[in-house]
Amino acid sequence: MDNIYLYMIIALAILAIADLVVGVSNDAVNFLNSAIGSKAISFRTIMIVASLGVAVGAVFSSGMMEVARKGIFNPGEYMFDEIMIIFMAVMITDILLLDFFNSVGMPTSTTVSIVFELLGAAVAIALIKIGHDGGNFSDVIGYINTSKASQIIFGILLSVVVAFSIGAIVQWLSRVLLSYNFQKKPSWVGALFGGLAITSITYFIFMKGLKGTSYAKESFDILGGVTMKDFLENQVLQIVLVSMVFWSLLSYVLIAFAKTNIYKLIIVVGTFALALAFAGNDLVNFIGVPVAAYNAFLTWSASGIAPTEFPMDALASKVPTNNWLLFGAGMVMVLTLWFSTKAKGVVKTSLDLSSQGETKERFQPNSLSRGFVRFAMLMSQMTAYMLPKSWQAKIDKQFETPVIALSKNRQLELPAFDLVRAAVNLMVAAVLISIATSYKLPLSTTYVTFMVAMGTSLADRAWGAESAVYRVAGVINVIGGWFFTAFSAFTAAALVAYLLNLNLTVMFPILLVVALALLIRSSIVHSRKTKEVRAEDSLIKAESSSVQGVIHESAGNIANVVKRGNKIYTNAINGLAKQDLSSLKKNKKQVDKLSTEVDELRNNIFYFIKNLDESSLGASNFYINVLGYLQDMTQSLEYISKVSYKHIHNNHKKLKFNQIKELKEVDERLEKLFNGTREAFLARDFEEIGNILTKKDEISSLLSEKIQKQVERTRSDESSPKNTTLYFSVLLETKDLLVATMNLLEEYDNAHDSSVEPATIHNYEEE
């Protein structure tokens with residue numbers, strides 16, 4: 001039986017590595033967001049700077065490891081076997097929970113998850129012990145470090161409000177001072193901002209870095225014989241003032257003489273600082289529990305006492321963490337940073353919500369987000385009435401975004417926000433985390449950095465009338481996910497601890513295998529989704545400014561829609577024939593995906609038209625008509641897919657043999673039409689379109705014939721109203737699909753005939 005604890009230690013070590021991977025994937029958003037969003041430096045440089053910060057921060061993190069041992073519960077109240085159950089339950093739950101959030105691309109807090117997992121598992125075991133001893137429910141307070149736990153929870157919740165508010169205020173003041181033309185401001189303005197920002201960030205590095213190391217406890221003659229730790233805590237004002245003067249002067253020299261972009265320097269230093277903070281503050285969330293379990297195992301092994309009778313008072317004392325272990329953890333984090341695709345997904349969510357420009361809105365508005373936006377608009381109107389009009393005009397001028405000449409690849413070139421906002425994000429987050437660290441609060445770096453970014457977005461007017469309701473809905477979704485994290489972490493860890501306690505020998509390997517299987521499945525599903533996103537048959541936005549250019553650019557989209565539409569139609573008919581509900585369900589998802597992509601193309605019409613030359617406005621009419629017909633096609637496919645699924649899902653009668661045979665005949669005829677259309681568009685053989693159009697009457701007559709046959713059957717021997725309704729619905733919608741397809745082909749045929757000469761087409765293709 002004692003061997004099982006050794007196996008648990010080995011399992012915890014493996015889980016620690018897995019937890020580092022999923023944890024870094026989630027928390028990378030904390031320090032990559034500002035640098036990537038502003039495009040201040042190359043992605044490679046960002047990753048190198050962040051990697052250095054993570055590696056240094058990991059080595060400096062040992063001071064925070066105490067939270068896992070005694071921050072949430074009183075270890076002396078538990079025996080060794082109970083402590084091991086708590087730690088195992090926490091690690092299994094943590095990996096699955098964080099991986100779930102990574103898979104859906106939502107940033108969550110590793111600090112909140114570990115705190116509530118420790119709390120849930122500790123409470124579950126405490127209640128079991130109390131139940132065995134015949135105690136009262138109120139006795140559970142004796143097992144939990146209520147003062148520390150409540151302090152941590154309160155600090156985390158408070159950080160959400162404070163980070164958002166301070167971020168908004170500082171960004172508003174910075175924008176009023178600097179405007180969007182910050183590069184043209186006098187050197188002293190940039191120097192003052194640089195001095196303030198770098199002072200905040202460097203002091204933050206001292207607070208998060210040096211204060212946690214063994215060097216901080218040594219006395220230095222240069223500091224008057226006091227320790228570095230005491231000096232940092234007691235001489236705050238002097239350090240800040242000296243740093244402010246030094247960095248402001250250095251910034252001025254760099255701007256005036258070296259022509260350095262001080263904002264880029266702030267972003268580089270800030271990225272390093274937040275990466276260091278993440279590793280220093282959050283490493284405990286990934287390896288704190290396994291390290292504590294290992295310490296407990298060593299103490300128990302040396303005692304020779306039975307695991308059920310050995311109290312864990314030893315965990316209450318301070319135990320330094322091996323530096324090589326911290327270094328190894330740091331290296332795992334760095335590798336994850338470079339290779340994790342899930343990390344990129346979480347970063348994208350934060351960037352989309354804080355972007356200054358147009359992005360694909362991931363979240364749908366809800367009543368809460370609409371209410372917040374209306375309230376904010378009301379407050380803005382009230383402020384406008386209170387301020388003199390001259391002041392309001394000056395402030396509005398500072399918030400005027402510069403006009404940027406867009407190129408064809410504009411969406412790849414434009415940053416999500418400018419250097420000023422990126423610098424403010426880093427500066428404010430650094431200051432807030434420094435303050436929390438000085439009060440020994442394991443603050444959620446995710447909450448702080450995310451809410452600061454949202455606050456600066458609001459103050460910077462990134463959430464305009466076109467996007468506010470979507471962005472606020474996104475923020476509400478993310479914050480709701482944080483509350484879900486707390487609840488699910490507590491509940492899941494308590495459940496796993498209860499199961500392990502039932503029979504440790506049996507449940508330990510079962511739960512471990514289940515956890516690893518779910519993790520592998522999640523990785524496979526995520527990999528499949530990533531490939532789908534990169535699929536070649538996703539629709540592409542038109543960028544050309546001439547009719548002929550749009551004809552050639554959108555030809556690929558037409559071929560694409562026709563190919564996918566053909567497959568969707570065939571799958572619907574086959575699904576009805578075989579009564580295959582699973583196939584019809586998948587088909588519905590495919591048509592929904594196609595419909596969404598067509599909607600995105602329509603949403604881009606505004607930017608397409610804005611990019612046209614005066615001499616090429618005819619391209620807009622052609623493109624709008626093409627998208628309208630594509631939407632008609634997808635709506636018909638949606639309806640056919642939906643009614644087919646609904647019929648089988650409701651267990652209605654199967655279509656008769658003759659009905660299936662006739663639908664297959666229609667499908668075969670449509671397949672020939674779609675294949676011919678696809679080949680013509682892929683080959684850019686627009687002369688073939690005229691030949692395809694001649695077959696319109698033939699297919700239309702076939703559909704009318706099938707409808708007439710069903711009318712005759714209905715009058716004679718048809719006995720199922722549902723079958724008749726379904727059959728007519730499919731055929732009538734097929735007629736609409738045919739009409740939309742033919743209208744699309746006629747639009748291309750007319751546009752091609754009336755556009756430029758073949759020689760010009762040849763030149764376009766060469767370009």
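**Secondary structure.** I looked up the secondary structure and found 28 helices and 0 strands in the chain. Helices here are DSSP runs of H or I with at least four residues, strands are runs of E with at least two, and numbering goes from the N terminus.

**Ground rules.** I noted that this is a predicted model, where local features need pLDDT of at least 70, side-chain atom pairs count only at pLDDT 80 or more, and totals for chains, interfaces and linings use all residues. Residues are numbered from 1 along each chain as its sequence is written, and side-chain values use heavy atoms, with hydrogens and water left out.

**Confidence.** Next I checked pLDDT, the predictor's confidence in each residue, from 0 to 100. The chain averages 77, and 77% of the residues score at least 70.

**Whole chain.** Of the 767 residues, 51% count as buried (buried is under 20% relative accessible area, exposed over 50%, partly exposed in between, with a 1.4 Å probe and protein chains only). Taking contacts with a separation of 6 or more, I see that 85% join residues 24 or more positions apart.

**A helix pair.** How do α13 and α18 cross? The axes of α13 (residues 367-386) and α18 (residues 468-502) come within 8 Å and cross at roughly 120 degrees. Axes are lines fitted to C-alpha atoms, for helices over the stretch in contact, and angles run from 0 to 180 degrees between N-to-C directions. So α13 and α18 count as oblique to each other (under 35 degrees is roughly parallel, over 145 roughly antiparallel, 65 to 115 roughly perpendicular, and the rest oblique). On the α13 side, the contact is made by L368, S369, R370, F372 and V373, and on the α18 side by A468, V469, V472, A473 and I476.

**Two residues.** I picked A306, in the loop between α10 (262-303) and α11 (323-339). A306 counts as partly exposed because its relative accessibility is 32%. D81 lies 225 residues from A306 along the chain, with 9.0 Å between their C-alpha atoms. Then I went to R713, in helix α26 (residues 696-716). Is R713 buried or exposed? R713 counts as buried, because its relative accessibility is 14%.

Conventions. Contact = heavy atoms within 4.5 Å.
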